[in-house]
Amino acid sequence: MRVEMFTFLLAGAICLGGALGVVLLKNPVHNALSLVATLFGVAVLFVNQGAYFLAAIQVIVYAGAIVILFLFVIMLLGVDRETDEGREPLVAQRPLAVATGLAILGLSLVALLSAGQRATGDKADLAPLNQPGPDINHLAEVLFTRYVYAFEITAVLLTVAVVGAVVLSKRTNEPLIDLDEFPEGTVVDVRRRADDAKAQDEVDADAEVVAVPDTEGDPQEGGDD
Amino acid sequence: MTAVWLIPALPLLGFVTLVVLGRKFGDPGAGIFAACMVGLSFLGTLGVFAHLLSLPHEERAISQTLFTWISSGSFKVSIGFLADPLSITMCLFITGIGALIHIYSVGYMKGDPKFSKFFVYLNLFVASMLLLVLGDNLLLTFLGWEGVGACSYLLISFWFTDPKNASAGKKAFVTNRVGDFGFMLATFLVWVTLGTVNYEQIRPLAPGLAAGTATAIALLFFLGATGKSAQLPLFVWLPDAMAGPTPVSALIHAATMVTAGVYLLTRLSPIMAEAGWANDVVAWVGALTALVAACAAIAQNDIKKVLAYSTVSQLGYMFLAVGTQSYVAAVFHMITHASFKALLFLGSGSVIHAMAHEQDMRKYGNLRKYLPITYATFMVGWLAIAGIPPLSGFWSKDEILAGVFNAKTFGNLALWVIGMAVALLTAFYMTRQVIMTFFGEEKWRHAEVDAHGHELHADEEDAVDDHDHHHLTPDHTPHESPISMTLPLVVLAGAAAVAGLLNLPFGDPLKFLEHWLEPTIVGEHELPPGWVQALLSLAAVAVAVIGILGARAVYFQKKVDPAKIEKPVFAHAWYIDETYAKFMGGPGETAFEDVAQFDQKIVDGAVNGIAGGTVGLGNRLKGLQTGLVRTYGLGMAIGAVALLAYVVTRIGG
Amino acid sequence: MFTLTETWYLVLAALIFSIGAVGLLVRRNVLVMFMCVELMLNAVNLTFVSFSTALDDLGGQTAVFFVLVVAAAEVVVGLGIIVAIMRRRQSADVDDISLMRG
């Protein structure tokens with residue numbers, strides 16, 4: 001019992017630390033690594049509760065595949081530097097977000113701690129946990145009998161997801177947006193043109209000539225890569 | 001011989017063919033073709049008639065559904081025809097008299113630049129009229145109803161280069177629209193209450209109607225009928241409709257279209273039977289119309305206007321019969337009136353034709369010398385309408401009056417007295433017309449009666465100039481019309497003379513029409529006992545003779561100054577038309593402008609306001625749609641919190 | 001008091017979930033937002049396993065299995081979208097993607 005308590009406290013601390021790291025660190029690589037910590041902590045907690053198979057796939061799928069995928073994308077896109085998120089452009093977004101988070105936490109705790117009986121009600125009788133043999137056998141038995149349709153549908157879902165990912169990341173030469181409808185291009189284009197104009201102004205300021213930036217210049221400039 | 005659909009299809013085929021090829025057929029080819037189509041339709045009607053006769057008495061109804069016209073939810077209307085005694089009777093005289101008038105028109109319209117177009121309209125009219133009577137539901141009847149209205153408009157303003165003719169057409173159309181409004185509302189009401197617009201389905205359902213609903217339906221249909229059949233208060237269009245060519249006046253405004261209202265109410269006799277006091281309204285409106293129009297007729301100088309007012313007056317008789325539940329008498333009078341009034345109109349057309357399109361009777365006189373056939377046939381028509389036995393008008397009018405005398409209608413004796421007064425006036429004005437036209441001096445030879453005759457009656461300005469070529473010179477010699485015009489006159493004269501045989505009041509076996517129509521009509525009326533009927537008939541004949549002798553004294557023997565009888569108030573038909581004009585021009589116009597304003601500001605304003613408000617609201621709300629994912633996320637989170645809070649409070653409770 | 005019941009696990013899961021939610025709403029980097037979603041999913045998984053243990057029932061673990069699969073699919077598609085967007089925009093800021101504004 002003491003061992004389990006100790007394990008819980010340690011893994012819980014790692015989980016919380018990792019979670020806070022994901023939210024608070026500025027470098028996406030650090031965020032991803034913090035996420036790994038949380039995932040590991042959760043895996044340990046699974047072991048602590050006897051869900052060995054789930055702990056294994058938690059490590060293999062999450063830490064091994066998903067987080068690696070994240071890191072892959074980060075490296076691929078070259079965004080592995082610190083992003084400046086100090087200035088919040090949306091008024092009241094941060095306080096409201098924190099308030100909402102606290103409200104969710106508070107309400108959940110109230111529900112958990114004050115409920116005289118369990119929130120989920122009575123025991124379901126799918127299959128008991130404490131059977132002889134490894135738990136993966138019992139899980140497989142349920143998955144391939146009672147949940148066989150759901151299982152097959154998730155298989156289809158995975159296939160569709162793979163196809164979708166391939167289609168999405170295919171390179172195309174078409175402009176991203178309809179330039180007839182948005183002649184100014186995307187937000188990025190507008191911002192870039194404004195920056196260019198500003199830079200141009202600074203250059204021209206010496207010659208005391210105010211140049212009119214050619215905003216109509218090349219709307220496709222930012223649309224292509 | 002059950003191809004009922006052929007009856008309206010043949011004139012329709014004629015219409016379509018003439019629209020395309022009319023000019024190629026030319027004059028008189030187009031007219032002959034059109035007449036043949038209507039003639040064939042008449043033969044088809046005869047075939048169906050014979051087939052009906054061969055059936056047992058109670059089964060004499062052929063219902064033929066061609067295809068579904070409208071199917072919307074439980075609302076189903078089919079293109080179907082119902083050939084039963086009533087509709088086939090109507091068809092017989094529509095196609096029969098229609099064919100004669102077509103033949104007549106070939107002669108009358110000779111040389112007109114729009115010769116073929118005239119027959120296009122005429123054929124379309126006959127097709128619409130047949131659709132009206134043969135349609136097995138109210139909607140199809142309404143289609144024909146509107147069709148004849150449109151044709152009437154086209155034909156009244158046939159010579160539309162004269163603005164007077166064009167406005168007469170418009171007047172007819174607009175006045176009829178007022179009535180059509182009633183027809184439509186009544187149809188809606190029938191649909192809502194009975195769930196069908198098919199006549200054969202209405203018939204068994206009608207007794208289940210609430211008295212109030214039936215009364216409302218009947219009154220609304222009667223409003224439609226007052227428009228189409230020129231009754232008070234909507235009769236004003238008919239006298240003006242005389243601007244059209246004379247065959248049109250004969251076909252549309254005497255023989256067929258104007259009887260549509262009578263047909264409609266007769267067809268709906270199952271509803272009328274439940275309608276309570278609506279019948280009294282019909283009877284009284286009919287009687288008053290008859291009186292008003294008969295008074296107006298004695299002071300007209302235009303030969304066709306006399307006949308126009310006479311038509312209004314005779315239609316009043318028919319409604320009087322309908323209102324007293326004497327449907328058989330109404331249909332009887334419709335038939336006899338169709339024959340003798342068509343005869344009179346065509347006769348007057350012959351006169352007008354002979355007198356270089358002069359219509360003012362004050363310039364006629366002694367025409368019997370020049371137009372022997374027209375004169376002889378006109379005499380038959382005159383005696384028939386005046387009610388002299390044994391000609392047809394006497395029998396039908398007599399049956400109506402006998403029915404009124406014994407009816408349970410409110411104030412039936414007063415109605416009877418009005419009817420007798422109208423009979424007197426009818427005999428009077430018809431005799432006046434005959435004397436002015438065919439007897440006396442040859443007035444057009446007097447130079448002092450100038451082309452416009454203003455000095456005779458300063459108030460008389462409404463002599464309708466039929467044609468633009470209008471030069472009646474003192475040395476004019478009238479000539480009899482061609483055979484194509486006189487032949488129909490002779491045939492119609494024969495019909496007008498013997499049509500009374502259809503329903504003689506001497507015992508049941510002789511009442512052919514009554515037996516024939518019995519399965520179709522719902523409605524009971526009792527005729528007075530035989531000796532009362534005989535007395536009434538004697539009275540009617542006496543009244544007619546008094547009317548004739550009176551007119552003879554005034555216009556032939558000249559014992560009384562005509563001006564004393566032809567009061568301006570009669571010449572202007574009690575100023576009803578003028579009152580409408582004044583009202584519509586003054587307060588009416590302002591009222592309509594207010595309505596238009598209301599429509600633009602309030603009704604349109606509400607619609608536009610809702611649209612504008614929605615746009616404005618959308619413009620405000622679109623600010624919420626920031627396109628920023630995190631804003632949406634925050635919204636979702638707040639929603640989740642709300643849900644969670646709800647669940648937690650539920651658990652706590 | 002110091003007995004390890006499922007309540008401890010549930011409280012921990014609630015904490016992780018709230019942190020993830022706040023992160024999702026506060027961070028502007030699309031990738032980090034995705035990670036926050038993963039945090040929330042893991043918190044939910046933890047509750048499933050806890051209830052499964054507490055109720056001695058395999059159902060909770062089965063649910064975790066499906067959540068894992070769906071999360072994997074979601075990450076694949078999501079990262080595909082992110083790659084597609086970032087290739088055209090050179091920006092990982094979610095606020096730049098606002099073409100759907102009214």
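Predicted model: local features only at pLDDT ≥ 70, side-chain atom pairs only at ≥ 80, totals over all residues.
**View 1. Chain A is built from helices.** Chain A holds seven helices and zero strands. Read from the N terminus, its elements run α-α-α-α-α-α-α. The chain has 225 residues, and 33% of them count as buried. Among contacts in chain A with a separation of 6 or more, 52% join residues 24 or more positions apart.

**View 2. The surface of chain A.** Chain A exposes about 14000 Å². Carbon and sulfur atoms supply 63% of that area.

**View 3. Chain A meets chain C.** The contact draws 99 residues from chain A and 77 residues from chain C. Together the two chains bury about 8000 Å². Carbon and sulfur atoms carry 73% of this buried area. On the chain A side, A:Q49, A:F70 and A:L129 lose the most area to chain C. These three residues account together for 9% of what that side buries.

**View 4. Helices on the chain A side.** At least two residues of the side that touches chain C come from each of α1 (2–24), α2 (28–48), α3 (52–77), α4 (93–114), α5 (135–145), α6 (148–168) and α7 (187–207) of chain A. The most come from α3(A), with 13 residues. By class, this side of chain A has 62 nonpolar, 20 polar and 17 charged residues.

**View 5. Polar pairs between chain A and chain C.** Zero salt bridges are found across this interface. Eight residue pairs are in polar contact across the interface of chain A and chain C, both residues at pLDDT 80 or more.

Methods: Residues numbered from 1 in each chain as written. Chains lettered and ligands numbered in written order. Heavy atoms only, no water. Helix = DSSP H or I, 4+ residues; strand = E, 2+ residues; numbered from the N terminus. Buried < 20%, exposed > 50% of the residue type's maximum accessible area, 1.4 Å probe, protein only. Contact = heavy atoms within 4.5 Å. Areas by Shrake-Rupley, 256 points an atom, 1.4 Å probe, with all protein chains shown as cover. Buried area = accessible area lost by both parts, 1.4 Å probe. Salt bridge = Lys/Arg side-chain N within 4 Å of Asp/Glu carboxyl O. Polar contact = N/O pair within 3.5 Å; in protein donor to acceptor, adjacent residues only side chain to side chain. Nonpolar A, V, L, I, M, F, W, Y, C, P; charged D, E, K, R; others polar.
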